[in-house]
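Here is a short briefing to read alongside your viewer. Have the model open, and we will go through it topic by topic.

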Amino acid sequence: MKYPENIQDICTLKPDYLGFIFWEKSLRRFTDDAIIDIPKNIKKIAVFVDEEFETIKGIIKKFEFDAVQLHGSESPELCQKLKKLGVEVIKSFSIDEDFDFNLLSDYEESVDLFLFDTKGKLPGGNGISFDWNLLLNYKLTKPFFLSGGIGLTSVDAIKSFLNTDTAKYCYGVDVNSRFEKKVGFKNFSKLRRLKRLLYEDKI
């Protein structure tokens, strides 16, 4: 999320989380010094890529974030330090055919959730899907977000995935670029339709 009026509109859809990117190279970088009043039942996530601990800590305190999402090569030790600040820690991993799922074991005690995204040119927001069958190699019990180029045309695939054994650990669906009118500005009607299709089985 980037624009205050858009944030206000999307809040009416009652998402579980709203993300705010603080990576300097991102076109979606949040630069407003005043996040509008967001209902307490919607968690605010600060998104970082290989940022210093003290910088992350300062932003958490300034904006009263509930969670951090880490999209770089952050260590389990950094994740543990952030967890001690009282926020949820979500660690993202870019998945392709060569991904070693054994790497996740080092993070199991240091994070609250994993996020599985598509390996692309950027740390996130590439708008590209990956083969979710690769997640059948996931052997841990830590809950995860499903991500990577998810759009309205992904609904049937999501529902199919949710019928697999691995899906019992699927905590939620992360959406971004395919639900934008412009970079950082989310499409209200598309998100409302996704919510209806996924959770209410309505057109």
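Strand 4 and strand 5 (residues 113–118) run parallel and are joined by six bridges. Keep in mind as you browse that this is a predicted model.

**Around strand 4**

- Strand 4 covers residues 88–95 and is mostly covered itself, with seven of its eight residues buried.

- Helix 2 spans residues 53–63, and its buried residues include Phe53, Ile56, Ile59, Ile60 and Phe63.
- These residues lie on the same side of helix 2 because they cover an arc of only 135° around the axis.
- As background, an α-helix has 3.6 residues a turn, so residues three or four places apart point the same way.
- On the other side of helix 2 you will find Glu54, Lys61 and Lys62, which are exposed.
- What do the buried residues of helix 2 pack against? Their neighbours are strand 2 (43–48), strand 3 (67–70) and helix 3 (76–83).

**Nonpolar cores**

- The largest nonpolar core has 55 residues, and those touching the most other members are Phe20, Val68, Phe114 and Phe116.
- Helix 2 gives the most to this core, contributing five residues.
- Leaving aside residues up to four places away in sequence, Phe20 touches Met1, Ile7, Phe30, Ile35, Ile38, Lys44, Ile45, Ala46, Val47 and Phe65.
- Another core, of nine residues, lies apart from the largest one, and among its members are Tyr17, Val47, Ile90 and Phe145.
- In soluble globular proteins, nonpolar side chains tend to be buried together.

- Asp50 is not a glycine, yet its phi is positive, near 50°.
- You can find Asp50 in the loop between strand 2 and helix 2.
- Is Asp50 buried, partly exposed or exposed? Asp50 counts as partly exposed because its relative accessibility is 46%, and the cut-off for exposed is over 50%.
- Glu64, also not a glycine, has a positive phi of about 55°.
- Glu64 follows helix 2 and sits in the loop between helix 2 and strand 3.
- With a relative accessible area of 56%, Glu64 is exposed.

**Cysteines**

- How many disulfides are there? The count is zero, with a cut-off of 2.5 Å between the sulfur atoms of a pair.
- Cys170 is in no disulfide, and the nearest cysteine sulfur, that of Cys79, is 20 Å away.
- Cys170 counts as buried because its relative accessibility is 18%, where the cut-off is under 20%.
- Cys11 is buried too, with a relative accessible area of 9%.

Conventions: Residues numbered from 1 in each chain as written. Predicted model: local features only at pLDDT ≥ 70, side-chain atom pairs only at ≥ 80, totals over all residues. Heavy atoms only, no water. Buried < 20%, exposed > 50% of the residue type's maximum accessible area, 1.4 Å probe, protein only. Helix = DSSP H or I, 4+ residues; strand = E, 2+ residues; numbered from the N terminus. Arc of directions from axis to C-beta. Contact = heavy atoms within 4.5 Å. Pairing = 2+ DSSP bridges. Core = buried A, V, L, I, M, F, W, Y, C linked by side-chain atoms within 4.5 Å.
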